[in-house]
Amino acid sequence: PDFLSKTLSRVKPSPTIAVSNLAADLKAAGKDVIGLGAGEPDFDTPESIKEAGIAAINAGKTKYTSVDGIIELKQAICAKLERDNALSYAPDQVTVGTGGKQILYNALMATLNPGDEVIIPAPYWVSYPDMVLLAGGTPVPVAAGIETGFKMTPEQLEAAITPKTKWLIFNSPSNPTGAGYSASELKGLTDVLLRHPHVWVMTDDMYEHLVFDDFKFATPAEVEPALYERTLTCNGVSKAYAMTGWRIGYAAGPKPLIAAMRKIQSQSTSNPCSVSQWAAVEALNGPQEFLASNNEIFVRRRNLVVEMLNAAEGITCPKPEGAFYVYPDISGCLGKTTPAGTTIENDEQFATALLEETGVAVVFGAAFGLSPNFRVSYATSDDNLKEACTRIQNFCAALS
Ligand code: PLP
């Protein structure tokens with residue numbers, strides 16, 4: 001252990017991966033397991049995008065590219081930001097990395113010094129706090145509970161800001177709750193940031209296109225143009241285009257920050273996969289119609305899951321605006337005992353008992369920094385969802 005770096009001891013292994021491992025073990029042991037843990041669409045990458053990747057291979061576009069992306073992809077990203085977000089960026093204000101994850105990591109590595117604070121509304125995507133820790137900063141979680149629809153209020157943001165605050169990490173629609181901030185809710189937060197010129201905003205817009213009903217997506221620099229100079233707008237093709245395995249994410253922001261992020265990437269991974277970059281060009285420039293048809297499927301599944309979980313004793317499940325997750329509250333199950341004899345004192349025990357006694361794999365809320373809850377990913381078939389929710393209902397009904 002002395003051989004390993006001290007930095008490493010500051011971070012924990014991914015709890016979502018731990019749940020997947022336990023589910024895989026049970027499956028291997030012959031148990032009938034339904035996984036609701038996956039953070040990726042169950043759809044295949046659209047045909048035209050796959051073809052663009054194949055064409056790139058056949059054309060020999062299989063060599064190193066410039067460190068943070070080919071110009072064609074940067075231009076496609078600029079066009080996308082203009083088209084969808086009314087944001088004007090030039091290619092030298094854009095950086096492309098190996099997934100949204102590397103982009104966020106580069107940005108934190110490029111900016112954090114010991115003592116720098118990063119405000120992270122909770123529940124949060126599991127990697128934010130650990131990335132901040134790896135980069136030497138201090139995560140400052142702000143609990144945004146069910147009573148505010150899992151959204152941080154302007155008052156909470158104001159109270160969390162100190163002279164040491166460097167970033168606010170903002171994620172809407174959210175992983176793990178699906179909560180999306182309307183433009184006016186977001187304006188409440190950007191108004192606070194206007195009063196604190198030393199705080200920058202890193203917005204993770206990964207679920208931008210996965211929004212339902214009449215909800216309209218909005219991003220900070222669009223809602224408050226005065227924040228343009230201190231906003232890093234991060235996005236990627238993983239979720240909307242069902243391209244999680246291709247590993248392409250990107251960001252747009254002030255040139256010196258983009259150059260610093262490129263420097264980190266140049267000494268770590270170099271360019272993201274050349275073939276994937278060409279596929280991403282097609283994703284952003286090509287037809288977007290399938291987004292709406294995918295969303296029809298997601299909205300149907302969301303409604304199914306929300307209705308069935310609310311019918312389970314002791315569970316309250318808000319109906320979120322986007323992404324493909326719900327984040328039910330299990331307060332009503334705490335203190336009760338399962339048929340196998342486990343007393344449920346927290347959401348980790350709930351999720352473990354649910355998996356062991358019914359074969360349904362979910363991720364417990366403590367992993368995302370807000371309890372007592374669990375996360376369901378509904379990016380799986382209607383039949384799986386119905387069966388899983390029925391098992392959850394039966395599990396809850398059997399608690400005593
Ligand atoms: N940001 C959020 C909120 C996510 O949920 C994910 C994926 O789970 C990512 C970023 C990372 O995306 P990528 O697969 O492009 O690295």
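User: Is Asp213 buried or exposed?
Analyst: This is a predicted model, in which local features need pLDDT of at least 70, side-chain atom pairs count only at pLDDT 80 or more, and totals for chains, interfaces and linings use all residues. Residues are numbered from 1 along each chain as its sequence is written. A residue is buried if 20 or more other C-beta atoms, placed from the backbone, lie within 10 Å of its own, exposed if 12 or fewer, and partly exposed in between. Because Asp213 has 11 other C-beta atoms within 10 Å, its class is exposed.

User: What is the phi of Asp213?
Analyst: Asp213 lies in the loop between strand S6 (200-204) and helix H8 (220-223); helices (H or I, at least four residues) and strands (E, at least two) are DSSP runs, numbered from the N terminus. Although Asp213 is not a glycine, its phi is positive, at about 55°.

User: Is Arg247 buried or exposed?
Analyst: Arg247 is placed in the loop between strand S7 (231-236) and strand S8 (249-252). Its phi is positive, near 65°, in a residue other than glycine. Since Arg247 has 20 C-beta neighbours inside 10 Å, it counts as buried.

User: What is omega for the cis peptide bond that joins Asn175 and Pro176?
Analyst: Pro176 is in the loop between strand S5 (165-171) and helix H7 (183-194). The cis bond from Asn175 to Pro176 has an omega of about 25°.

User: Which helix gives the largest share of the shell around the ligand?
Analyst: A residue is near a molecule or strand if its C-beta atom, placed from the backbone, lies within 6 Å of it. Of the 13 residues around the ligand, Gly99, Gly100, Lys101, Asn175 and Ser238 come nearest. The largest share of the shell, three residues, is from helix H4 (residues 99-111).

User: How many residues does domain 2 give to the contact with domain 1?
Analyst: An automatic or database domain assignment is the origin of the bounds, giving domain 1 (7-44 + 290-397) and domain 2 (63-285). Their C-alpha centres lie 26 Å apart. Two residues are in contact if their C-beta atoms, placed from the backbone, lie within 7 Å. Domain 1 contributes 33 residues to the contact, and domain 2 contributes 31 residues.

User: Which element gives the largest share of the side of domain 1 that touches domain 2?
Analyst: The elements that give two or more residues to this side are helix H1 (15-28), helix H11 (289-310) and strand S9 (325-326). The largest share, five residues, comes from H11.
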